[in-house]
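Dear colleague,

I am passing on the structure that we talked about, and below it I have set out what came up when I went through it. Please keep it open beside you while you read.

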Amino acid sequence: MQLTQVLTYALRRLLQAVPVVILIMVGTFLLLKLAPGDTVDALVGDMGGADAAYIARLRAEYGLDQPVWVQLGRYMAKLIQFDFGWSFVYEQPVAAILWERLGTTLMLMGTSLSLAFSIGVGLGAIAARRAYSLTDNAISTLGLIFYATPSFFLSLMMILLFSVKLGWLPVSGLSDVAAFYTGWDHVIDVVLHLIMPTAALSLIYLSFYLRLMRASVLEVADLDFVRTARAKGAGETRLMIHHIMRNALLPVVTLLGLQFSTVLGGSVVVETIFALPGLGQLAYQSVIQRDMNMLMGIIFLCAIIVVIVNFLTDLLYARLDSRIALK
Amino acid sequence: MTAATTDLPRAEAAPAVALWRRFARNRAALLGLVLFGAVLVMAATAGLIEPTDPLRRAGDPLTKPFTDWAVPLGTDQLGRDILAQLFHGARISLLVGVLATLLSIAIGVVVGALAGFFGGWVDDVLMRVTEAFQTIPNFVLLLALVAILGSSIEYITLAIAIVSWTAPARMVRAEFLSLRSREFVDAARNLGVSNGALIFREILPNALPPVIVYASVIMALSILLESALAFLGLGDPNHASWGNMIGQGRAVLRTDWYCAVIPGIAIVLTVLSFSLLGEGLNDALNPRQKKQ
């Protein structure tokens with residue numbers, strides 16, 4: 001792969017995402033307009049009421065008396081600079097709060113998805129190699145149960161077992177605030193706090209990857225090039241790792257990219273249950289507190305993250321499958 | 001050789017019978033059917049278990065299960081009958097699941113059919129819109145829609161359909177792309193069949209089977225989305241819902257875990273029944289796909 005080739009490919013993929021991002025901007029603007037009340041209503045509510053002339057002057061000041069398309073243009077110009085407006089709940093710019101919360105969510109995403117991907121792919125490959133055996137049935141049944149269990153129910157059951165009955169794991173938060181741990185103690189503390197949220201978020205995706213990987217390995221194992229490799233004397237392990245896995249991984253990587261936005265959505269429930277200070281918990285609180293600017297900021301930021309992740313999985317896909325020409 | 005001894009091929013079984021035979025060969029699919037039947041029966045008999053209001057006070061708060069036969073599965077912290085809520089919850093789950101699935105497939109079929117049939121700029125525009133919907137995390141969009149529309153059961157169903165039509169749209173589009181240049185479509189077009197009839201009468205029936213199988217997935221996801229909303233306390237407060245029961249049960253998890261566990265098992269078994277049914281249906285409709 002030439003570096004310039006990769007760069008042009010990268011640029012082309014990013015250009016394709018531009019209309020999608022613009023559509024999302026228009027979408028969030030429409031949702032804001034549909035929501036009852038606007039910025040001035042919130043301001044006046046904060047002040048405890050004001051007379052009609054003052055409200056009209058405020059509306060003019062915020063540009064709310066302009067035609068809708070002018071407002072849309074201004075809104076989009078602001079969004080491009082990551083200016084999501086003012087949060088009347090936090091009395092701070094939305095962007096400042098979002099940056100504060102982003103790290104926790106990305107950490108939860110990262111650990112959950114890597115766990116789901118590695119274990120799912122591993123178990124899927126094992127199940128496929130021993131297809132229709134007892135091992136395969138056990139793994140497939142486990143996958144079905146993980147798939148059917150909603151993350152919030154799983155979370156409660158884990159809390160019941162590991163926190164209430166056994167007392168092994170902390171129930172909520174990102175770290176023990178009262179303990180003032182430093183260095184490695186702090187790291188271990190955070191890891192202990194993340195075990196249950198990570199498990200709750202990853203198990204359903206683990207089941208997706210498991211099922212897809214199993215089907216994919218079964219399909220690839222039947223192809224001619226595998227038979228050729230076996231005829232030339234490749235051992236089963238080498239056959240699996242060098243010949244089958246690399247090809248069987250392709251659909252799983254596609255799914256990983258496609259599902260990233262769903263995982264971000266799933267973090268709303270998990271972060272709320274475990275009181276993790278991330279974007280998901282913030283989204284839930286914004287709905288309760290009717291903080292629409294915040295909610296739209298979260299939607300836009302999440303969309304940008306998803307676009308970036310999809311772009312990265314595209315690159316990974318191109319690396320795995322050399323048949324895809326980077327034109 | 002007389003006609004009586006001629007070996008004629010046996011009459012083919014009717015398609016529906018053949019389909020059933022292939023479906024019934026799969027034991028997991030039959031289990032799914034039985035579970036699904038149980039949920040249906042629960043939804044149908046909810047009125048017999050509790051004819052007036054499942055959310056009324058039926059006994060002492062936090063009665064343990066199997067101790068009082070007036071409330072066989074016990075009561076929650078407000079004294080509401082868990083069994084009655086479970087049966088009425090089945091009704092809400094199925095109602096939301098079925099309606100949201102039908103609605104999202106309807107949107108998906110229209111978008112996918114137009115994009116796949118016409119191609120060109122229509123396809124470009126519709127696919128960018130689809131990508132935009134797929135890029136926004138669906139649960140966050142669902143929260144935003146519920147915050148704006150309100151959380152009555154009708155709006156929740158509509159909102160779930162709005163966040164889940166993209167997958168069927170992509171499937172229908174892919175089917176249309178491969179079907180639109182087949183000979184039977186060309187033949188119909190040469191006979192002067194209009195575009196509308198081509199889309200809905202000629203191509204759509206051939207494009208639907210994978211979407212029908214996928215409907216079981218959408219149905220399962222819709223039920224999960226509704227219960228997650230209700231768990232967070234954003235569901236319709238006027239109806240019993242499994243998610244809401246679990247959310248309420250969270251407050252008494254330490255002492256009375258059965259309040260959350262009973263509806264939780266109901267959700268797991270319902271979703272399980274859909275995925276088993278879907279897999280069985282897939283194997284029965286595409287017998288060649290299955291190995292062995």
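Please bear in mind throughout that this is a predicted model.

Chain A contains twelve helices and two strands, and when its elements are followed from the N terminus they come in the order α-α-α-α-β-β-α-α-α-α-α-α-α-α. Its C-alpha trace spans about 85 × 55 × 40 Å along the principal axes, and of its 327 residues 36% count as buried. If one takes the contacts within chain A between residues at least 6 apart in sequence, 71% of them join residues at least 24 apart.

For this chain the UniProt record, an unreviewed entry, places the feature "transmembrane region" at residues 14–32, 106–127, 139–164, 190–210, 248–274 and 294–317. I looked at two of these spans in the model: residues 14–32 of chain A are 100% helix and 0% strand, with end C-alpha atoms 27 Å apart, while residues 106–127 of chain A are likewise 100% helix and 0% strand, with 31 Å between the end C-alpha atoms.

Chain A is divided into domain 1, residues 3–93, and domain 2, residues 95–320, and the centres of these two domains, taken over C-alpha atoms, are separated by 32 Å. Where they meet, 23 residues of domain 1 of chain A are in contact with 19 residues of domain 2 of chain A. On the domain 1 side, α1 (3–34), β1 (86–87) and β2 (92–93) of chain A each supply at least two residues, and α1(A) gives the most, with ten residues. That side of domain 1 of chain A divides into 17 nonpolar, four polar and two charged residues.

Turning to chain B, the unreviewed UniProt entry lists "domain: ABC transmembrane type-1" at residues 90–278. In the model this stretch of chain B is 83% helix and 0% strand, and its end C-alpha atoms are 19 Å apart.

The contact between the chains takes 36 residues from chain B and 40 residues from chain A. On the side of chain B that touches chain A, the elements that give two or more residues are α4 (120–135), α5, α9 (195–231) and α11 (258–285) of chain B. Which of these elements gives the largest share of that side? The answer is α5(B), with eight residues. Taken together, the residues of the side of chain B that touches chain A divide into 24 nonpolar, seven polar and five charged.

The buried residues are B:N138, B:F139, B:V140, B:L141, B:L142, B:L143, B:A144, B:L145, B:V146 and B:A147. Helix α5 of chain B covers residues 138–149 and reaches 16 Å from its first C-alpha to its last, close to the 16 Å expected at 1.5 Å a residue. After α5(B) comes B:G150, whose phi is positive, near 105°.

With best wishes

Conventions: Residues are numbered from 1 along each chain as its sequence is written. Chains are lettered from A and ligands numbered from 1 in the order in which they are written. This is a predicted model: local features need pLDDT of at least 70, side-chain atom pairs count only at pLDDT 80 or more; totals for chains, interfaces and linings use all residues. Helices (H or I, at least four residues) and strands (E, at least two) are DSSP runs, numbered from the N terminus. The expected span of a helix is 1.5 Å times one less than its number of residues. A residue is buried if 20 or more other C-beta atoms lie within 10 Å of its own, exposed if 12 or fewer, and partly exposed in between; C-beta atoms are placed from the backbone. UniProt positions are given in the numbering used here, feature names are shortened, and annotations may be inferred rather than shown by experiment. Two residues are in contact if their C-beta atoms, placed from the backbone, lie within 7 Å. Ala, Val, Leu, Ile, Met, Phe, Trp, Tyr, Cys and Pro count as nonpolar, Asp, Glu, Lys and Arg as charged, and the others, Gly among them, as polar. Domain bounds come from an automatic or database domain assignment.
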